[in-house]
Amino acid sequence: MSSCTEEGIVIALRPHMTSVNVDPTAKTITAGGGALWKDVDEAAGKYGLATTGGAVNHTGIGGLTLGGGYGYLTGRHGLVVDNLLSATVVLADGRIVQTSKDSVPDLFWAIRGAGQSFGVVTEFVYQAHEQGEVFAGQAIFPFEKLDSILDFVHWFHNHGDGDQSLTWAFIAPPPHNVPVVFCILFYNGPEDKARAFFKPLLDIGPVMQNVGMMPYDNINGLMNEQQDYGARRLFGGSNFVLPVDKTTVHDVADEFFKVVNDEGINDGTLIMFETIPYRKVKETPNTAMAFGNRGEFYIAGLLWKWRDAARDAQVRQHNRNIQDLIKEKMGTKDIQAVGHYSNYASGGEKTEALFGQNTARLRELKAKYDPNNRFNKWHNLMSS
Ligand SMILES: Cc1cc2nc3c(=O)[nH]c(=O)nc-3n(C[C@H](O)[C@H](O)[C@H](O)COP(=O)(O)OP(=O)(O)OC[C@H]3O[C@@H](n4cnc5c(N)ncnc54)[C@H](O)[C@@H]3O)c2cc1C
């Protein structure tokens, strides 16, 4: 199935290329290029298995995998691309190529981080891991508790061993539009250990919380309702380093809440500081594949949601301003690291800003596999 887009076509892989097959002996998951994470999580869960996947399970596996892929299991198993064993790719000239570390390895290098620019992946094969129930859920705190939450975030930074993650986010939801700190807790282990680990945070006193034990695939559905389809949306990305000065975080929050209130776009707009442990991610060098966003920093995501098309330009400008503010005040100074996750890019970023030192090799491979730059709708790798 296909349809037109400006100077191109859209090829829909759903609903036909969505099958997921799990091999419990080899511990692999083979998924069609149009599957959603829900399809993968549920199929693997039947065998007590899982792989790193997206945190909102109505997201497609295709784009998320090919851009890198962070999830709750990243601290233990790395990125989605770190768990990708092979892929079947339809290239621009119509050839169908199976690529892995041992088969057409330069293409495999390229698709792990910039795959959207190299072809259509009709099938992904992932490494699966044994996975039991997890302790997870959401907790909402009054904004006045931010300093205490930051104390916990700093403790988490020093004591997490990869089996936990903590997302803390700013949002001022309707009907009252009052700023709150929204947290998502994750612990890959038994309840007693999880409760002890998160006790200092939960003792701060959330106004709402729903944490508890659940099957792994449930946690990736917790945000579905909030991140529903429809409306106008923009993703922005940045990074932050811990420890961070509390005053700086307040400055970022003040600026964000001012913009959101002035524009009247409270319903669903948020900044997420994703404190996903990076030790496992850093085990792979930045040049091992196209994905080059590994370093001693965490990623931040800006999710903008609005309805009035007349506000498009303003929202884009606010996104740029706040991305830059976070990067400048809280971000890494490591010049080897990209510091901007390409799947959280808003469009228009320079290729070097997303791929850093891997840009030159990516362009060489682009000339080899897609010389006419047919796949240019995600990020145009050939633009300066
Ligand atoms: C609600 C929400 C939650 C998110 N959560 C996470 C998260 O937890 N972790 C994370 O890392 N990122 C997350 N993201 C960002 C996400 O990685 C990107 O939005 C990604 O592009 C989504 O992939 P998709 O296939 O659903 O998107 P689409 O918009 O369908 O595709 C994005 C790009 O990928 C290309 N593409 C898609 N499938 C294929 C394929 N099979 N072969 C070749 N190219 C393909 C498309 O052509 C397009 O250029 C989230 C995004 C949203 C909207």
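Glu42 and Lys38 are both part of helix α1, where they stand 4 residues apart, about one turn of the helix. Helices here (H or I, at least four residues) and strands (E, at least two) are DSSP runs, numbered from the N terminus. The two side chains form a salt bridge with an N to O distance of 2.7 Å, a salt bridge being a side-chain nitrogen of Lys or Arg within 4 Å of a carboxyl oxygen of Asp or Glu. Side chains of opposite charge can pair when their charged atoms come close. The structure holds 17 salt bridges.

The model is predicted; local features require pLDDT of at least 70 and side-chain atom pairs are counted only at pLDDT 80 or more, whereas totals for chains, interfaces and linings use all residues. Residues are numbered from 1 along each chain as its sequence is written, and side-chain values use heavy atoms, with hydrogens and water left out.

The secondary structure of the protein amounts to 12 helices and 17 strands. The radius of gyration, taken over C-alpha atoms, is 20 Å, close to the 21 Å given for 384 residues by the globule rule, so the protein is as compact as a globular protein of that length. The globule rule is 2.2 Å times the number of residues to the power 0.38. Along the principal axes, the C-alpha atoms fill a box of roughly 60 × 50 × 40 Å.

The domain assignment gives domain 1 (2-130) and domain 2 (134-344), with bounds that come from an automatic or database domain assignment. The C-alpha centres of the two domains are 25 Å apart. In domain 1, 33 residues are in contact with 32 residues of domain 2, contact meaning heavy atoms within 4.5 Å. About 2700 Å² is buried between the domains, and carbon and sulfur atoms give 55% of this area. Buried area is the accessible area (1.4 Å probe) that two parts lose on being put together, summed over both.

Between domain 1 and domain 2 there are 2 salt bridges. Arg76 forms a salt bridge with Asp163, with the closest N and O atoms 2.6 Å apart. On the side of domain 1 that touches domain 2, α1 (37-45), α2 (61-67), α3 (74-77) and α4 (105-114) each supply at least two residues. The largest share of that side, 5 residues, comes from α4. Its residues divide into 12 nonpolar, 16 polar and 5 charged, where Ala, Val, Leu, Ile, Met, Phe, Trp, Tyr, Cys and Pro count as nonpolar, Asp, Glu, Lys and Arg as charged, and the others, Gly among them, as polar.
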